[in-house]
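Reader: Could we go through this structure together? I would like to begin with charged pairs.

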Amino acid sequence: MYAYLQRLFKNKRQEITYGPFSSTGAARAVMEGIKILYLGGWATSARGSDSEDPGADLANYALDRVPKEGASWVRALLHQDEVQRSNRMRMTSAQRKKSPAIDFSPPLIIPDGDTGHGGEHHIRNLVKKFVESKIGAVHIEDQRPGSKVCGHQGQKVLVSTAEMIARLNTARLQFDIMGVEGVVVARTDANDATAIDSIDDERDHRFVYGATNRDIVSIKNVSLAVIRRFYDQGFKEINGHLLHRISEKAYREAEEWLKQEHLTSRINEGIEKISEEIASWEKLRQQVRRKGSGLKDAREELAAREVLTKKTTEETVDNILAGIRQAWAEKAGLKTYADAVAEVMQTRVRSGVKLPMTIDQWKTFARNVSNGEAREQAKSMGIDIFWSWDLPSTPEGFYQITGGREMAVARGFALAPFADLLWRETAKPDLEDDRAWADSIHTVFPHMMLAYNLSPSWNWDAWGFTDEQIRNFAEELGKMGYVFNFITYAGHQTEALMNGRLARALNEEGVLGFVRLIQRALRLANDPAQYPQTFVGGPWADRFRRAARGASLTTSSMGGKSTEAQHRKAIEVPTSELERWLGMWARHWSDQGLYDKGHLSVELKERWAGSEEMMLNVFDEASDKIAEITFRVDKDREGRKFLAIKDQNTVKRFRFKRLMTLMHFFLLHRYKTDLVHYVNPTNDNRISVQHMMDYGVFREARTDDPNVIAIEVNTSRAQRIFTSDRSLKRFIARPSK
């Protein structure tokens with residue numbers, strides 16, 4: 001994995017991947033060419049287990065949950081590799097060349113280690129379990145255990161830089177002990193964090209906010225006073241102040257400050273609002289009681305109003321606290337120590353005072369020293385200001401911080417020597433901001449590889465991107481050094497979406513819903529899961545039993561009346577038929593000395609995953625595409641099936657040699673359509689239409705609409721041509737007009 005990532009970095013390229021939700025999802029991802037899988041804690045939390053409820057990404061699952069999930073992926077991938085090797089033993093060299101082997105082993109997975117789930121021994125056990133599951137990587141983040149939240153939830157609390165380095169060191173140590181190179185990814189949530197649990201590391205000091213107002217009461221005491229005021233007014237469920245113990249004197253000081261700042265009225269308004277809601281609910285309750293308990297509608301309304309009342313209470317208290325805390329922050333004059341001193345310096349410079357340092361020199365100095373050293377330097381310049389990082393500390397004891405890109409850069413600098421990749425969580429997709437962070441890291445660590453969460457938590461469309469910008473987003477990141485770019489819980493959302501659609505389809509259409517949504521879609525995408533027994537290794541299992549029992553084996557999962565034979569029955573004309581026609585075409589033009597590219601192969605696929613539009617592609621023996629048609633098959637309001645041709649292209653040297661017409665013949669033969677529509681037709685389309693009419697395949701064409709040519713197919717004539725090699729050969733050899 002490390003060597004692969006290094007090649008990507010050198011070539012300014014990237015691996016885009018996602019987090020599957022199951023071992024089946026992992027296998028299909030690798031089959032489609034994804035090299036590295038992401039195994040996330042978000043999906044693990046959302047899945048739940050036999051001992052844990054499903055829930056939000058709070059890292060509250062057991063330490064061994066992600067390794068166990070990864071182990072099931074590894075087992076599934078290694079089994080697919082085993083099945084593939086067995087199958088390829090039975091292929092001819094030509095078949096093996098046409099179907100290159102998929103690299104299932106060793107499976108490359110980067111799993112979520114969250115915060116490490118505790119101290120050094122927890123991290124040691126976590127990494128040990130990953131390695132024992134054949135997973136040689138881990139990512140660890142700098143959030144605080146216990147208050148950890150998803151990277152796109154609010155109010156994130158960091159641990160100190162030193163604590164985060166210890167986590168990374170522990171992971172590397174365990175990889176080394178087990179003789180595994182290991183890939184360690186360091187994630188920082190500093191960009192959007194609001195607090196830190198410790199000020200023990202001086203590298204964090206410059207990002208901590210302090211109050212510059214000496215006379216303000218601590219935010220902790222103010223918060224507890226607000227909560228107690230509601231409690232004392234009879235709202236006993238609002239009782240968070242009981243977790244703490246402060247003196248009555250501290251409560252009085254906080255209440256006096258609230259009164260002084262005219263904030264008590266906000267609390268009173270909230271109390272009045274909640275009281276009115278409770279009184280309304282109580283009135284309704286009395287009415288229901290008088291009318292009797294048999295009134296179902298009244299009881300349901302009462303229950304709904306009770307829920308609404310509780311919700312109003314919670315929201316009212318939360319909003320009041322948020323408003324008061326904002327007012328407190330403004331009165332407290334929250335600033336970093338460096339900014340607070342810089343403001344004083346600016347005032348003195350304007351007054352003509354000459355200082356031993358410029359403001360820029362001061363900020364550079366303060367950026368690289370502890371708060372204590374910064375205070376000493378400020379005092380040496382005659383600046384002794386009040387500044388307290390304790391007054392803004394939260395009731396939980398967390399210190400408020402600036403967060404932001406500058407802090408994320410500082411964390412990156414500190415963590416880079418201890419990691420293989422750096423990952424910065426961000427709140428939105430912003431290439432300019434991502435470039436600025438990457439460039440900053442690379443000024444000090446030019447060879448540092450980066451990782452990026454292409455988060456499904458973001459509403460990409462809401463950010464105003466065009467489809468082209470979204471398509472190229474990860475590629476642009478690759479140019480900046482972000483080599484590993486992943487959509488964390490895409491597999492979870494895929495499962496929810498598809499199961500929801502299937503349930504709706506069954507309700508709306510019965511069995512047809514399943515056939516249309518699943519079976520036909522599997523055939524359309526040529527997905528290996530359309531052959532369910534083979535996909536999970538049925539033929540391999542039979543070969544294993546046959547090897548064990550020899551010729552005496554009389555039962556097999558794939559033999560006799562296996563239902564998979566139904567799925568192998570040709571519903572539509574297979575692409576091998578077009579390949580056979582192209583063999584005639586190639587031999588004819590080879591005899592004419594105009595074709596020497598050998599065997600032609602055909603690919604029929606969705607234009608993009610999940611698209612209603614399809615592509616029919618023809619490749620030469622060197623796998624170079626020489627012709628393509630983009631099309632869609634649908635029905636009009638009268639139930640007639642039509643083939644809509646959106647685009648078609650042939651390389652120049654093979655034009656006017658009926659290659660494209662053969663491809664059209666195949667589509668008509670496969671889908672047996674009544675009509676053909678050419679959308680936004682080109683001159684080539686018009687020439688093709690005329691040729692098809694000359695040959696009797698098309699009856700008539702309507703060209704009154706300049707944007708569409710609508711043609712009726714002479715179905716009986718067409719099918720006679722398609723099923724007769726003699727007719728096809730005559731058509732191929734027919735002289736051009």
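Author: A salt bridge is a side-chain nitrogen of Lys or Arg within 4 Å of a carboxyl oxygen of Asp or Glu. The model is predicted, so local features need pLDDT of at least 70 and side-chain atom pairs count only at pLDDT 80 or more, while totals for chains, interfaces and linings use all residues. Residues are numbered from 1 along each chain as its sequence is written, and side-chain values use heavy atoms, with hydrogens and water left out.

Reader: How many salt bridges does the count come to?

Author: The count comes to 43 salt bridges. One of them joins Asp634 to Arg632, with the closest N and O atoms 2.8 Å apart.

Reader: What about Glu141 and Arg187?

Author: Their side chains form a salt bridge of 3.5 Å, N to O. Glu141 belongs to strand β4 (residues 137-141) and Arg187 to strand β6 (residues 183-188), so the pair ties together parts that are 46 residues apart in sequence. Strands (E, at least two residues) and helices (H or I, at least four) are DSSP runs, numbered from the N terminus. Both Glu141 and Arg187 are buried.

Reader: Changing topic: which residues of strand β2 are buried?

Author: Strand β2 covers residues 36-39, with Ile36 and Tyr38 buried on one side and Leu37 and Leu39 buried on the other. In a regular strand, side chains alternate between the two faces of the sheet.

Reader: Which strand does β2 pair with?

Author: Strands pair if DSSP finds at least two bridges between them. β2 pairs with strand β3 (residues 108-111) in the parallel sense, over four bridges. Ile36 stands opposite Leu108 in β3.

Methods. Buried means under 20% relative accessible area, exposed over 50%, partly exposed in between (1.4 Å probe, protein chains only).
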